[in-house]
Amino acid sequence: MLPRLVSSLRLRPSAAPLAAATRCASSGNVDIRVPLNFWAGKRMRSQEKRNKEPVYEPATGRVLCHLEPCGASEVDQAVKDAKSAFGHWSKMSGMERARIMIEAALIIESRREEIAEMEVVNNGKSITEARLDVDSARLCIEYYAGLASTLAGQHVQLPGGSFAYTRREPLGVCVGIGAWNYPFQIATFKAISNSMVFKPSPVTPVTAVMLAEIYAKAGAPEGLFNVVQGGQETGSLLCHHPDVAKVSFTGSVPTGKKIMEMASKGVKPVTLELGGKSPLLIFEDSDLENAVKGALMANFLSQGQVCSNGTRVFVQKHILPEFVEEVVKRTQAIEIGDPLAESTRMGALVSQPHLHRVLEFVEQAKKEGATVLCGGEPFVPSDPKLKGGYYMMPCVLGDCTDKMTCVKEEIFGPVMSVLSFDTEEEVLRRANDTTMGLAAGVFTRDVRRAHRVVEHLKAGSCFINNYNITPVEVPFGGFKMSGIGRENGQVTIEYYSQLKTVFVEMGDVDSLF
């Protein structure tokens, strides 16, 4: 659940937004009135009658569509299709697989605006961010297409002319369980080398189906990427299915623990990208302009709904007043409103219950002695169509201490907690005083200090003089309770494959018997 910002901002002239089409239930080629499950190369209805669940548009609060959860029979069918597709996919050469992946990337590029708009309608983030998410997803597919033909093992020469070699082989059918903050992006990041059965969050079920249709159109074997909708019950069926070789999950720590426990029953490997309560350290010699921009990027992307966010902002005392003044001024200037509008920089939170949860954190912080420097209240847009949406004003909390709930627990909303510190040794001890270790950042002009601090930060992804920039070429993942395994980068291949060793005897058997 992190922001995959591309390295360059490639904004294009936008097509007519969905707002202009009265936010109808059908957008372009995406009809969300038909089933959102996908296997056997097409949209599929559940075989048994189950209660449909409403899916809401965060910007307006209206019902966007209804979700058909999958049961045991549907999960089994999707896994069977994925198993069949794996047989074809695994026999293709790297170049053949790469051509299909490149074609999928080209389709994504051609449908960039359509996918981004649907992501906005289903998730609530700004259209500007959604476009970058789609770009990042496309770049991920292109990156792994480039690696597809380079996968190779190792040759080891042994005595007497004998030798051994290793083979890097895919696992088989993998299950991906996605989060609601980056629905399309996370779906692409989990489809590495194997066939996939993907379960989106029931809050944001739409764009994963678009990805399944794109892979099918690109020429992928039928069943290579399947989508099953549902909640906890569906996820449990997937984790326990005997034909599933691996489970990859993005989401909360408690759910990650449950998935790890379920996967252990079948000794299945897991990749877990879980929560964070990441520290951002700002030293007095920092470039203040960049430090302020970094803190805003570390807290307010996607309405603060990012697990890698640097929500514990430690500022050295000498520059604290100046830093706080500038951060508050810029936070108050963030434009909130219709996420489909080009000028909007903060859209709606993903759901009404989540909005209430975030607001409760702010109230708890006030009770514990924190000062609300700005924001922290519900926001009602002037547009009558948006009055039912889930908006809040981004919040900066001052006078925070390490023991406060807002500092210790993951809020997952637009709430920045500012703390002060005196020395490097002190702030490192406090920064590492957490059970999680997803990300961390440091701002300083002192190069030696920057690398020294990063060496001692207990986090899987660290940033120096920037924050929340994660190119697809480099791995991302956490330490401690923030997860297991990595996504993106070349090393991820190791988490989605297995190594086979082959010994070849060129002489006679040397037997003791």
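Visitor: Which residue forms a salt bridge with Arg50?

Guide: Glu74 does, and the closest N and O atoms are 3.2 Å apart. A salt bridge here is a side-chain nitrogen of Lys or Arg within 4 Å of a carboxyl oxygen of Asp or Glu.

Visitor: Where do Arg50 and Glu74 lie?

Guide: Arg50 is in the loop between strand 4 (42-44) and strand 5 (53-56), and Glu74 is in helix 1 (residues 72-89), so the pair ties together parts that are 24 residues apart in sequence. Helices (H or I, at least four residues) and strands (E, at least two) are DSSP runs, numbered from the N terminus.

Visitor: Before we go on, what kind of model is this?

Guide: This is a predicted model, where local features need pLDDT of at least 70 and side-chain atom pairs count only at pLDDT 80 or more, while totals for chains, interfaces and linings use all residues. Residues are numbered from 1 along each chain as its sequence is written, and side-chain values use heavy atoms, with hydrogens and water left out.

Visitor: OK, back to that pair. Is Glu74 buried or exposed?

Guide: Glu74 counts as buried, at 0% relative accessibility. Arg50 is partly exposed, with a relative accessible area of 28%. Buried means under 20% relative accessible area, exposed means over 50%, and partly exposed is in between (1.4 Å probe, protein chains only).

Visitor: How many salt bridges does the structure hold?

Guide: It holds 27 salt bridges. One of them joins the side chains of Arg131 and Glu342, at 2.6 Å from N to O. That pair links distant parts of the chain: Arg131 is in helix 4, Glu342 is in the loop between helix 10 and helix 11 (352-367), and they are 211 residues apart.

Visitor: Why does Arg131 count as buried?

Guide: Because its relative accessibility is 1%. Glu342 is partly exposed, with a relative accessible area of 41%.

Visitor: Which residue does Glu424 pair with in a salt bridge?

Guide: Arg452, with the closest N and O atoms 2.8 Å apart. Glu424 lies in helix 13 (residues 424-431) and Arg452 in helix 14 (residues 447-456), so the pair ties together parts that are 28 residues apart in sequence. Salt bridges that share partners also join Asp285, Glu424, Arg449 and Arg452 into one network.

Visitor: Changing topic: how many aromatic pairs are there?

Guide: The structure holds 7 aromatic pairs. One of them is Trp180 with Phe412, an edge-to-face pair at 5.4 Å centre to centre with 80° between the planes. Rings of Phe, Tyr and Trp (its six-membered ring) pair if their centres lie within 6.5 Å; planes under 30 degrees apart count as stacked, over 60 as edge-to-face and the rest as tilted.

Visitor: Where do Trp180 and Phe412 sit in the chain?

Guide: Trp180 is in the loop between strand 9 (173-177) and helix 5 (183-190), while Phe412 is in the loop between helix 12 (405-408) and strand 18 (415-421), 232 residues apart. Trp180 is buried, and Phe412 is too.

Visitor: What about Tyr215 and Phe225?

Guide: They form a tilted aromatic pair, 5.5 Å centre to centre and 50° between the planes. Tyr215 belongs to helix 6 (residues 207-217) and Phe225 to strand 11 (residues 225-227), 10 residues apart. Both Tyr215 and Phe225 are buried, and together with Phe198 they form one aromatic cluster.

Visitor: Which ring does Lys125 lie over?

Guide: Lys125 lies over the face of Tyr182, at 3.6 Å from the ring centre. The charged end of Lys246 sits over the ring of Tyr496, 4.7 Å from its centre. A charge sits over a ring if NZ of Lys or CZ of Arg is within 6 Å of the ring centre and within 35 degrees of the ring normal.

Visitor: Now helix 9. Which of its residues are buried?

Guide: Among them are Leu288, Ala291, Val292 and Phe300. What covers the buried residues of helix 9 includes strand 14 (279-282), strand 15 (312-316) and helix 10 (320-332), where contact means heavy atoms within 4.5 Å.

Visitor: And what comes just after helix 9?

Guide: Ser302, which takes a positive phi of about 50°.
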